Amino acid sequence: MGIIIKSEREITAMRQAGRVVAEILEVLKSQVKPGIKTRELDIMAASELQRLGAKSSFKGYRGYPANLCVSINDEIVHGIPGERVLAKGDIVSLDLGAIIGGFQGDAATTVGVGEIGPEAKELLAATEGALKAGINAANAKARLGDISAAIQQYAESRGYAIVREYTGHGIGREMHEEPQIPNFGPAGTGPVLKKGMTMALEPMLNIGDWRTRVGDDQWTVSTADGSLSAHFEHTIAITDGGAEVLTIT
Ligand code: CO
């Protein structure tokens with residue numbers, strides 16, 4: 001299969017999907033407060049997707065049961081919304097994918113519930129910064145490894161561990177296309193980036209160790225050592241001049 005280059009028309013469709021994802025994440029962020037159940041966020045995501053004429057990328061994907069992933073504190077990714085109630089001081093990753101006109105958008109953000117501690121605040125800033133560093137390294141003529149290395153350098157120089165078993169990915173008609181995009185690895189390696197490549201970059205940073213475990217629900221991925229973790233994700237397109245972020249409003 002290889003890496004699929006998108007035409008300008010296809011990227012226009014991906015901009016639409018990306019905008020839907022970004023709009024819904026904004027709505028969900030505004031609803032994150034102590035006392036809300038994670039299931040309520042999933043219900044809002046479902047109704048917003050429908051209102052905007054989009055389908056969930058996640059629901060039914062390998063049997064995933066929800067529209068949204070909600071991962072709290074030491075949970076890294078793929079948390080299933082349910083009866084858990086958000087509490088003041090929690091950090092919550094919201095991950096959403098939408099399909100519109102046959103194309104996908106995928107993004108995630110991590111936010112605090114009410115007032116959060118300084119360690120958590122720094123973790124969120126570092127993870128968002130690592131995503132920005134990856135986006136800044138993405139341009140036609142760079143190599144895939146340059147993105148990975150930029151993310152790794154940003155995160156590790158600030159003392160955070162990078163999750164290794166889960167990666168960014170190509171995206172288009174499918175949520176997961178080639179290539180996989182690790183959040184670590186050597187610069188100057190891997191395929192040369194070309195205009196029209198579309199990918200989801202998604203660094204996951206832990207305060208403690210990089211190791212992970214999967215919960216009894218077979219989905220929720222947490223840090224093995226129980227330390228806090230954060231996750232930010234954008235879908236981008238490689239352009240002549242650099243990278244265009246598609247998951248913005
Ligand atoms: Co993704």
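Are Asp 106 and Glu 202 buried or exposed? I looked this up first, and both residues are buried (under 20% relative accessible area, with exposed over 50% and partly exposed in between, using a 1.4 Å probe and protein chains only).

A note on the source: this is a predicted model, where local features need pLDDT of at least 70, side-chain atom pairs count only at pLDDT 80 or more, and totals for chains, interfaces and linings use all residues. Residues are numbered from 1 along each chain as its sequence is written, and side-chain values use heavy atoms, leaving out hydrogens and water.

Next I turned to the metal. The cobalt ion has Asp 106 (OD), His 169 (NE2), Glu 202 (OE) and Glu 233 (OE) as protein donors, 2.1 to 2.2 Å away (donors are N, O and S atoms within 2.8 Å of the metal, or 3.2 Å for Na, K and Ca; water is not among the atoms, so sites may look incomplete). Along the sequence I read their spacing as D-x62-H-x32-E-x30-E. Asp 106 belongs to strand β5, while Glu 202 sits in the loop between β9 (198-201) and β10 (204-206), 96 residues apart (strands are DSSP runs of E, at least two residues, numbered from the N terminus).

Last, I sorted the lining of the largest pocket by class: ten nonpolar, eight polar and eight charged residues. Here Ala, Val, Leu, Ile, Met, Phe, Trp, Tyr, Cys and Pro count as nonpolar, Asp, Glu, Lys and Arg as charged, and the others, Gly among them, as polar. A pocket is an open set of points on a 1 Å grid over the protein atoms alone, where a 1.4 Å probe fits, with protein on both sides within 12 Å along at least five of seven lines; lining residues have an atom within 4 Å of a point. I also noted that β8 gives the most to this lining, with four residues.
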